[in-house]
Amino acid sequence: MSTQTLLTTQAVTTTGARPAKRPRMERVNWSGTVILILCAVTVLLPLYVTISMAFKTTGQAVDGNAFSLPAPFSLDGFVQAWNLTKFPVGAAISLLVTAGTVICTIVLAAFASYAIVRNWDRRLFRYSFFYLLAAMFIPFPVVALPQIQLTGRVGLDNPVGVIILATMFQLSFSVLLFTAFLRSIPIELEESARIDGATTWQTFWKLIFPLLAPMSATVGIFAFLYAWNDFMMPSLIISDPALQTLPVRQNLFQTQFSNNYNVSFASYLMAMAPAIVAYLFTQRWVMEGVTQGAVKG
Amino acid sequence: MSTTTTIVTGGDTRARRSARRVEPIYYLFLLPSLILFTLAITVPGVVGIFFSFTDSIGIGEWSFVGLTNYIALFSDPAILQSYLFTFGFSIVTVIAVNVIAFLLAVGLTSRIRFKTGLRAIFVIPMVISGIIIAYVFNFLFSNSIPAAGSALGVPWLETSLLANPDLAWVAIVIVTAWQAIPGTLLIYIAGLLSVPGDVYEAADLDGASKVQQLFRITVPLVAGYVVINVILGFKGFLNAYDIIVGLTGGGPGTATRSIAMTIITGFNGGDYAYQMANATIFFVVAILISLLQLSLTRGRNAL
């Protein structure tokens, strides 16, 4: 994050000096650049506040000035948040729910899409496609109450239940993306594999699944963002607070944080950092994936 | 001669199709999704609609009450308020998000410096949990801004936006927009990049100004993307929950209680069947909007 703040400040200082030195023909839109940098500040400001608040002492954090730098620099907030919210447990559960949802969504959706596309002439498969797609019309709040009851009754009021439900809510969209992509793969490719004696199972894993990789990335990114960040579903489905995910923990401990703002912000920072770091390393794929997914879906 | 051939070939393919057995493994591929989907979504959906015609409180005995719940819903001020709030909030947010995201996308596809760096920054809010960022903004609205207001001597800044029943929704719009702009922005960037550059060159030659080019060329050419963004955004905002919990908890009073929040009260409040009727109506609303989406996007598959 600090590198980005650096980038913007650098940009502001060099704005005036640069254009004369640029030999290129196209004119750089400097006024546009400055406006966009100012807009970017509104994105970075809440993140800066989160980071600087997290490193303050409790005494400095309550003075109300969110924009001051931490002085002295303190790790107390992190230590207290770590112990209070049982961060390692929350992180492990969030990781489990996210990994579970991503893997289940990719595998189940790829399986179903392959079966549907290769047997499109069969009514069962064709109707299954529209049936699975219908969930795009069903928002979670509509089925939330019965789902809370039913998961409770069958002992799935835990992270495993959340994985199943989250996967099912991601399924429609993922099947839509996979089937569109599978239709563009020429069948001849598969037939040559079959002539070499590959079974359908082998063909799927050795040929089709690797070909699906770019779509799997898109599907996986959407599933990751949903499962890692969602508050509503885990908060309602998981009945044992000790098994809650990171976003829900922020809500559960809100009253216990009380005015120890350094503790609460350290807790927020630890909960959002993994996704931001993962994003910074995979920016390109995330942006391409989201664009592709949204435009096709 | 020719007729016989067609009949023969026609019969041939039909025979081949029925002779072709679906390999059992394909059922193995399809069934896990079908079964889990049915158990996780269809069954709860049907159970919910069923109980909306009863007086169940979620456990214990119940009996059928016909349309009583539905009739009561339409004259319940709390329900009407939640629908008014949710729709009003969604309309304002969808307009704000699309206008800002579109302008940012125009900026980010023009000849600016630091293009990739800026784009990377603008997308960050998308990867942050809604409830957590709502807590961060909650602190800013209720502590930092009032503190700055009293320091600068600006009275109307001294009280928290979140404590004002008439204006708390503005805070929810701001945070929701902050988080929703990146996704919308990426779609608009894709749309703007799909417009061929020579169109603008031609317009330049004809002496069209940049503003004219924006409204006469860019906007019409990305109209399909606008439709997608508006509908997807609107559908998402109608489900608003996480950010509201983090900002106002539905308050002050019930001023910012969304439809999703009222439905969830059925879990603790004892009016399970009543809120299931509410959920059923919300479902119908969601379907109507999706049908609108289908009719508007049909024929735009070229995207």
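A crossing of two helices is left-handed if the near helix is turned anticlockwise from the far one by less than a right angle. In this predicted model, the crossing of α2(A) and α5(B) is left-handed. Chain A holds 15 helices and 0 strands, and chain B holds 14 helices and 0 strands. The contact of the two chains takes 76 residues from chain A and 75 residues from chain B.

**The contact between chains A and B**

- Chain A puts 76 residues into the contact, and chain B puts in 75 residues.
- On the side of chain A that touches chain B, helix α15 (residues 261-296) gives the most, with 13 residues.
- That side of chain A divides by residue type into 54 nonpolar, 17 polar and 5 charged.

**Helix α2 of chain A against helix α5 of chain B**

- Two packed helices are described by the angle between their axes and the distance between the axes.
- For α2 (residues 30-54) of chain A and α5(B), the angle is about 35° and the axes are 9 Å apart.
- From α2(A), the residues that meet α5(B) are Leu36(A), Ala40(A), Val43(A) and Leu44(A).
- Their partners in α5(B) are Leu118(B), Ile121(B) and Phe122(B).
- By type, the residues of this contact of α2(A) with α5(B) are 7 nonpolar, no polar and no charged.

**Chain A**

- Of the 297 residues in chain A, 44% are buried.
- Among the contacts in chain A with a separation of 6 or more, 76% are between residues 24 or more positions apart.
- Leu176(A) belongs to helix α8 (residues 159-183) of chain A.
- Leu176(A) counts as buried because it has 20 C-beta neighbours inside 10 Å, and the cut-off for a buried residue is 20 or more.
- Leu176(A) and Gln254(A) are 78 residues apart along the chain, and their C-alpha atoms are separated by 39 Å.

**Chain B**

- Along the sequence, chain B reads α-α-α-α-α-α-α-α-α-α-α-α-α-α.
- The radius of gyration of chain B is 26 Å, whereas the globule rule gives 19 Å for 303 residues; the value is well over that of the rule, so chain B is more spread out than a compact globule.
- Taken along the principal axes, the box filled by the C-alpha atoms of chain B is roughly 95 × 75 × 35 Å.
- Buried residues account for 40% of the 303 residues of chain B.
- In chain B, 70% of the contacts with a separation of 6 or more are between residues 24 or more positions apart.

**Backbone details**

- Most residues other than glycine have a negative phi, and most peptide bonds are trans.
- The peptide bond from Ala71(A) to Pro72(A) is cis, with omega near -5°.
- Pro72(A) sits in the loop of chain A between α3 (58-61) and α4 (76-84).
- Lys86(A), a residue other than glycine, has a positive phi near 50°.
- Lys86(A) lies in the loop that runs between α4 and α5 (87-118) of chain A.
- Lys86(A) is partly exposed because it has 16 other C-beta atoms within 10 Å.
- Phe114(B) is not a glycine, yet its phi is positive, at about 55°.
- Phe114(B) is placed in the loop of chain B between α4 (77-108) and α5 (115-123).
- With 17 other C-beta atoms within 10 Å, Phe114(B) is partly exposed.

Technical notes
Residues are numbered from 1 along each chain as its sequence is written. Chains are lettered from A and ligands numbered from 1 in the order in which they are written. This is a predicted model: local features need pLDDT of at least 70, side-chain atom pairs count only at pLDDT 80 or more; totals for chains, interfaces and linings use all residues. Helices (H or I, at least four residues) and strands (E, at least two) are DSSP runs, numbered from the N terminus. A residue is buried if 20 or more other C-beta atoms lie within 10 Å of its own, exposed if 12 or fewer, and partly exposed in between; C-beta atoms are placed from the backbone. Two residues are in contact if their C-beta atoms, placed from the backbone, lie within 7 Å. Ala, Val, Leu, Ile, Met, Phe, Trp, Tyr, Cys and Pro count as nonpolar, Asp, Glu, Lys and Arg as charged, and the others, Gly among them, as polar. The radius of gyration is taken over C-alpha atoms; the globule rule is 2.2 Å times the number of residues to the power 0.38. Axes are lines fitted to C-alpha atoms, for helices over the stretch in contact, and angles run from 0 to 180 degrees between N-to-C directions.
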